[in-house]
Amino acid sequence: MDSQRDATDQFLPRFDASGLVTAIVTDAATGTLLMVAHMNAEAIERTQATGQAHFWSRSRGQLWRKGETSGNGLTLVEMRVDCDQDALLLSVDPAGPACHTGRRSCFYRRVEADGHLTFLDDDAHG
């Protein structure tokens, strides 16, 4: 435990060995979990400076602004940090579907006890 991070009023993100923190993204209006991504220091800085969510793509190895190709950007309403500052919660106003599949949320399937996936009706494609 790092009591400095737990009790300070300073933003001191605890990045992992790859220089990343996990970012949980929710819809500010509904509380719906939209996506989970990763942010490095530059993504955090750009998000704060522009009000548009930026992330670090681990697969592409580059910074990206959500919606730069789809137009489905995420406008930051509030950024929170957890107790030891190794995870962020972004509350956003989405301009469209958050998932690259066209769904509102990336979490559109439930894992059943037998290992099968059930598609959720409340987050239909489209």
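This is a predicted model: local features need pLDDT of at least 70, side-chain atom pairs count only at pLDDT 80 or more; totals for chains, interfaces and linings use all residues.

Modeller: Let me start with a term: a polar contact is a pair of N or O atoms within 3.5 Å, where, within protein, one must be able to donate a hydrogen and the other to accept it, and residues adjacent in sequence count only if both atoms are side-chain atoms. Residues are numbered from 1 along each chain as its sequence is written, and side-chain values use heavy atoms, with hydrogens and water left out.

Biologist: Is Ser 105 buried or exposed?

Modeller: Ser 105 counts as buried because its relative accessibility is 2%, and buried means under 20% relative accessible area, exposed over 50% and partly exposed in between (1.4 Å probe, protein chains only). Ser 105 sits in the loop between E6 and strand E7 (109–111), with helices (H or I, at least four residues) and strands (E, at least two) taken as DSSP runs numbered from the N terminus.

Biologist: And Arg 103, where is that found?

Modeller: Arg 103 is also in the loop between E6 and E7, and it counts as buried because its relative accessibility is 14%. Its side chain makes a polar contact of 3.3 Å with the side chain of Thr 101. Arg 103 also lies over the face of Tyr 108, at 3.9 Å from the ring centre; for this, NZ of Lys or CZ of Arg must be within 6 Å of the ring centre and within 35 degrees of the ring normal.

Biologist: Switching to rings, how many aromatic pairs are there?

Modeller: The count is two aromatic pairs, where rings of Phe, Tyr and Trp (its six-membered ring) pair if their centres lie within 6.5 Å, and planes under 30 degrees apart count as stacked, over 60 as edge-to-face and the rest as tilted. One of them is Phe 55 with Trp 64, a tilted pair with 5.4 Å from centre to centre and 45 degrees between the planes.

Biologist: Why do Phe 55 and Trp 64 count as buried?

Modeller: Phe 55 counts as buried because its relative accessible area is 0%, and Trp 64 does so because its relative accessibility is 17%.

Biologist: What does UniProt list as "binding site"?

Modeller: The unreviewed UniProt entry lists Asp 82, Asp 84 and Asp 86 under that name; positions are given in the numbering used here, feature names are shortened, and annotations may be inferred rather than shown by experiment. Asp 82 lies in the loop between strand E5 (74–81) and strand E6 (87–94), and is partly exposed, with a relative accessible area of 28%. Asp 86 is found in the loop between E5 and E6, and is partly exposed at 32%.

Biologist: What is Asp 86 in contact with?

Modeller: Leaving aside neighbours within four places in sequence, Asp 86 is in contact with Arg 14, Val 21 and Thr 22, contact meaning heavy atoms within 4.5 Å.

Biologist: Last one, how many helices and strands does the protein chain have?

Modeller: The protein chain has two helices and eight strands, running α-β-β-α-β-β-β-β-β-β from the N terminus on. Of its 126 residues, 34% count as buried, and the C-alpha trace spans about 45 × 35 × 30 Å along its principal axes.
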